[in-house]
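Welcome, and thanks for taking a look at this one. Here is a short briefing to read alongside the sequence and the model.

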Amino acid sequence: MKKANLDYLDNMLLFTKESLRQWEKKENNLNFNIKYWIQKGIIIPLKKGTYILKSRFEKEKNKDLYVEYLANKIYEPSYVSCEYVMNKYNLLSEAVYGISNVTTSKTKIFNNSIGKFSYVSLNPRLFLGYEIVKFYSADIYTAKKSKAVFDYLYFRFYKNSLISEKSIEELRINWENLNKEEFKEIETYAKISKNNRISNTIRLIKNKYYD
């Protein structure tokens, strides 16, 4: 298998090991080539068996959308949410590192040279509140502003964290960047969750910032 074969993948946003079998049927040879191309920095492994061309990634003008697309594909089903989306809307006072995602599968983390992709498991009935953004002909699933905030609060408080005015303040969320209509959407998600701790958290926030 020759490096020139990879040129045919230049229009693909990502590819798999199976995509390369059309040029190399022998397993040992294929594994050798993949390992060599990774070492040479020609391809970037996202997870076992899934890759992107480094040159394709580097020439992409809208890298944020590319990374969000990859986040959807690395672990499915999933959508981008929580701190990553909140940071886009200037809802957090501190810097955000990595790509936070929600999934109905098991909680998992993938680290690669693109970044840290974390996935937190959510009850299937709460797998909603996301919108579709186009990236070329591909779809990117990303949480609406209100759902990103809800997901963040849900994972923070649905188990054992102390729910108090102080704990809410310590989140350092810029509530002025979330209007009342958007907060009402969060209240709707809280009702769907059927979780008393989350309902109490949302009620406390409402009394402090939205009454």
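This is a predicted model: local features need pLDDT of at least 70, side-chain atom pairs count only at pLDDT 80 or more; totals for chains, interfaces and linings use all residues.

## Ile74 and the overall picture

Ile74 is found in helix H4. With a relative accessible area of 1%, Ile74 is buried, since buried means under 20%.

**Around Ile74**

- Not counting residues up to four places away in sequence, Ile74 touches Leu46, Lys47, Phe110, Asn112, Phe117 and Tyr119.
- Tyr119 is 45 residues from Ile74 along the chain, and the C-alpha atoms of the two are separated by 10.0 Å.
- For another pair, take Ser55, which lies in helix H3, and Tyr141: they are 86 residues apart along the chain, with 25 Å between their C-alpha atoms.
- Ser55 counts as partly exposed because its relative accessibility is 44%, between the limits of 20% and 50%.

**The chain as a whole**

- The protein chain contains 9 helices and 9 strands.
- Its C-alpha trace spans about 65 × 30 × 25 Å along the principal axes.
- Of the 211 residues in the protein chain, 45% are buried.
- Taking contacts between residues at least 6 apart in sequence, 60% join residues at least 24 apart.

**Helix H2, one side in and one side out**

- Helix H2 covers residues 27–39, and its 13 residues should span 18 Å at 1.5 Å a residue; the end C-alpha atoms are 18 Å apart, so the two values agree.
- Which residues of H2 are buried? They are Leu30, Asn33, Ile34 and Trp37.
- These four cover an arc of only 100° around the axis, which means that they sit on the same side of H2.
- On the other side of H2, the exposed residues are Asn28, Phe32, Lys35 and Gln39.
- The cover over the buried residues of H2 includes helix H1 (17–20), strand E2 (43–47) and strand E3 (50–53).
- After H2 comes Gly41, with a positive phi near 75°.

- Glu60 is found in the loop between helix H3 (54–59) and helix H4 (63–74).
- Is Glu60 buried or exposed? At 6% relative accessibility, Glu60 counts as buried.
- The side chain of Glu60 makes two polar contacts worth a look: one of 3.1 Å with the side chain of Arg56, and one of 2.8 Å with the side chain of Tyr136.
- Leaving aside neighbours within four places in sequence, Glu60 is in contact with Tyr66, Phe135 and Tyr136.

**The largest pocket**

- The largest pocket holds about 280 Å³ of space.
- Its lining is made up of 18 residues, and those nearest the centre are Glu83, Leu92, Ala95, Val96 and Tyr152.
- Which elements each supply at least two residues of the lining? They are helix H5 (82–88), strand E5 (99–103), strand E7 (116–121) and helix H6 (145–157).

**Backbone details to check**

- As background, most residues other than glycine have a negative phi, and most peptide bonds are trans.
- The peptide bond from Glu76 to Pro77 is cis, with omega near -5°.
- Pro77 lies in the loop between H4 and strand E4 (78–80).
- The loop between strand E8 (130–135) and strand E9 (138–143) is where Tyr136 is found.
- Tyr136 counts as exposed because its relative accessibility is 56%, whereas Glu60 counts as buried.
- Lys194 is not a glycine either, and has a positive phi of about 55°.
- Lys194 lies in the loop between helix H8 (180–193) and helix H9 (196–210).
- With 69% relative accessibility, Lys194 counts as exposed.

Note on methods. Residues are numbered from 1 along each chain as its sequence is written. Side-chain values use heavy atoms; hydrogens and water are left out. The expected span of a helix is 1.5 Å times one less than its number of residues. Buried means under 20% relative accessible area, exposed over 50%, partly exposed in between (1.4 Å probe, protein chains only). The arc is that of the directions from the helix axis to the C-beta atoms. Contact means heavy atoms within 4.5 Å. A polar contact is a pair of N or O atoms within 3.5 Å; within protein, one must be able to donate a hydrogen and the other to accept it, and residues adjacent in sequence count only if both atoms are side-chain atoms. On a 1 Å grid over the protein atoms alone, a cavity is a set of points where a 1.4 Å probe fits but cannot get out, and a pocket is an open set with protein on both sides within 12 Å along at least five of seven lines; lining residues have an atom within 4 Å of a point. Grid points are joined across faces, edges and corners, and a volume is the space filled by probe spheres set on the points.
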